[in-house]
Amino acid sequence: MTSRTLSDIIATQTNLVQEAAEALPFEFSQCTYSLGYIRQAVYLCHTCGETRGVCSACSVSCHTNHEQLELFPKRHFRCDCPTRGFSRQAHHHCTLHKSSEDANEKNLYGQNFKGFFCRCGRTYDATTERETMIQCLACEDWFHESCLNLRERPSREPTPQPPPSTTTTENNGNIDNGNDDDTLSEASSSGLPPPLITASKYESLVCSSCVLKIDTLKKYAGTPGILMVIRDSTKDPWKVIGETNPQTTGSAEAERSGDIVNVQDVESGSVAVGQKRPRAGSLGDEPQTKKVRDEGGENSTISTHSSNGPCLAPPINQIAQEILSTIESHSSSPNSSSSIPMESLGSGDLFLTEGFRERWCRCNACLPSLQSHPYLLEEEETYEPPEDPDSGLSLEELGLRALQRLPRDKAIDGIRAFNEFKDELMNHLRPFAQEDKEVTAEDIKAFFDAKLAAKEQR
Ligand SMILES: [Zn+2]
Ligand SMILES: [Zn+2]
Ligand SMILES: [Zn+2]
Ligand SMILES: [Zn+2]
Ligand SMILES: [Zn+2]
Ligand SMILES: [Zn+2]
C-alpha cells in the first residue's frame, strides 16, 4: 500500500482522470436500478454467465474485469445487477446498489442476452466480424448488413490476424480487452464496399418480423421514404424501392394523395425537419447529437390524436405487399422456422428515412397501430449517466465515458464500432498513464479527430 511506485501510478492516474473528466463528464457511480424500467445501454456479462443485463455503471463498477458485451439501448429495462435474478454467482454483490432485490419480472430477455444476434442467430465475435450491424428500432435486435441484403456476406477471415493476445484468452465479444495491437481493429473496419443503402440515407431500420406486427408500417412498405430492398428474380441484383426524388415524384404523389402540403413535406424530407442535423453518418456531428435529441423532446409537436379526415397514406406498393405476404405465410407455415425463404425476392425489412415520424398519416385507420409502438411517433429518451466532473475515474471509465458520446440514436457501426473504439481509445490513453504524462481534453479530441478523418477517407 505504501509503495512509492503505486502512489506514483495513482497520482498519474488522478491527473489523467481530472483532465479527461472535463472532456467526458459522465458519472458511473450510480446503478440505475432505482430508476426502474427505462431505456438504457445494457451490458451482457459473459463471465457471470447469466441471461441478464446490467447498467453501464454496474458494468464498470461491479463487473470490472469481466468479459462483457454491450447490447446498446434496450427499452423498458431495469438493471439486474442488484437482483436475486443474478444470484447464480454465489459471490456476486452489486457494489453500487447494496440491497438485494427481487428479480426483474418485466425485463424481456431476447436472444441477445444469450449472445445470439440477427435473424441468422449467429454469435458475435469482435475479432472476426467485419460487417456493420444495424439495430431494429422495434425489437432492438441487431442485424448483419448481409442478412438485410445490403451487401454480400464478406468472408470471415479476410485480414491477417494479430498474434494471440497475452492478456486475454477469450475474445468473443470482449469489450474488456487489453489488446495493445491496434492493427486488428483497423483491418477489420476497412476493405468492404459501401452497403446498398448507406447510413446517411435512412434514420431507422425495422426488421421484417416487426414490420409484420405493425399494420400501418406494413401498409407504408416501399412507399416514398420507407425503403425496401428487393430483386426482380433470384438472378437479379438487389435494388432499393421507396427512394424519394424531389424533382420528379413530388407533384405526382401530391395529386394522388390530394394533400399537396403534406406530400411536399415528405418529398423534401430534410426541409420539413430542418432543425435536425443532416445525417452525415460521421463521428464529427456527434457533439450535436445530444442537443438535437434534447430539442426533439422539447419541441415535439407531433399530434397523438387521430383525425376523422380522409386517409393520407400513400398508395400501397404492390411489390412490397407481395414480398411481405410471402414472408408472412412462410413464417406461419408449420414446417418452417421463421427464417426467410432463400427464393424470396426480399427480406421485408424497412429503412425509414429522416423525418419519418412526422410523415405518418394520422387518420383513424393509420394511427392506432402506430400508437401501440410509441417510438414510431416520438423519439424515445435514452438514459445517460449523470454528469459529474469530480468523480474519480479509472482508465476503463474514461473509455466508457468517451463511448457514451458516440451517436447512439442510430449506432451506425453498431457493436463492432463499440469494440473498436474501446480498444483504440484504451490504446490511445494507456501511454499517458505508463509514461507519466497528463492527458488533456485536446488529447481526447485528437483521438476523435483522427477517427473522423479516417472515417471520411473511407
Ligand atoms: Zn446497475
Ligand atoms: Zn460479471
Ligand atoms: Zn452492480
Ligand atoms: Zn445475420
Ligand atoms: Zn425487429
Ligand atoms: Zn390513414
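The exercises below, each with a worked solution, concern a predicted model.

Residues are numbered from 1 along each chain as its sequence is written, while chains are lettered from A and ligands numbered from 1 in the order in which they are written. In this predicted model local features need pLDDT of at least 70, side-chain atom pairs count only at pLDDT 80 or more, and totals for chains, interfaces and linings use all residues, with side-chain values resting on heavy atoms and leaving out hydrogens and water.

**Exercise 1. Work out which residues coordinate the zinc ion (ligand 5), and what arrangement their donor atoms form.**

Step 1. Donors are N, O and S atoms within 2.8 Å of the metal (3.2 Å for Na, K and Ca), and because water is not among the atoms, sites may look incomplete. The zinc ion (ligand 5) is coordinated by the SG atoms of C136, C139, C207 and C210, at 2.3 to 2.4 Å.

Step 2. Four donors count as tetrahedral if all angles lie between 85 and 135 degrees. Around the zinc ion (ligand 5) the four donor atoms subtend angles of 103 to 116°, so the arrangement is tetrahedral. For comparison, the ideal angle for four tetrahedral donors is 109.5 degrees.

Step 3. Along the sequence, the donor residues follow the spacing C-x2-C-x67-C-x2-C. C139 lies in the loop between strand 5 (133-135) and strand 6 (142-144), whereas C210 lies in helix 4 (residues 208-211), so this pair ties together parts that are 71 residues apart in sequence. Helices (H or I, at least four residues) and strands (E, at least two) are DSSP runs, numbered from the N terminus.

**Exercise 2. Decide whether C136, C139 and C210 are buried, partly exposed or exposed.**

Step 1. Buried means under 20% relative accessible area, exposed means over 50%, and partly exposed lies in between (1.4 Å probe, protein chains only).

Step 2. C136, with a relative accessible area of 1%, is buried, and C210, at 6%, is buried, whereas C139, at 35%, counts as partly exposed.

**Exercise 3. Describe the open sheet of four strands, giving the strand order and the edge strands.**

Step 1. Two strands pair if DSSP finds at least two bridges between them. The open sheet has the order 7-10-8-9, with antiparallel pairing.

Step 2. Strand 7 (204-206) and strand 9 (239-241) are the edge strands, since each pairs on one side only.

Step 3. Strand 7 is joined by three bridges to strand 10 (residues 346-352), to which it runs antiparallel, and S204 stands opposite L352 in strand 10.

Conventions
Four donors count as tetrahedral if all angles lie between 85 and 135 degrees; four count as square planar and six as octahedral if opposite donors are over 155 degrees apart and all others between 65 and 115; anything else is irregular.
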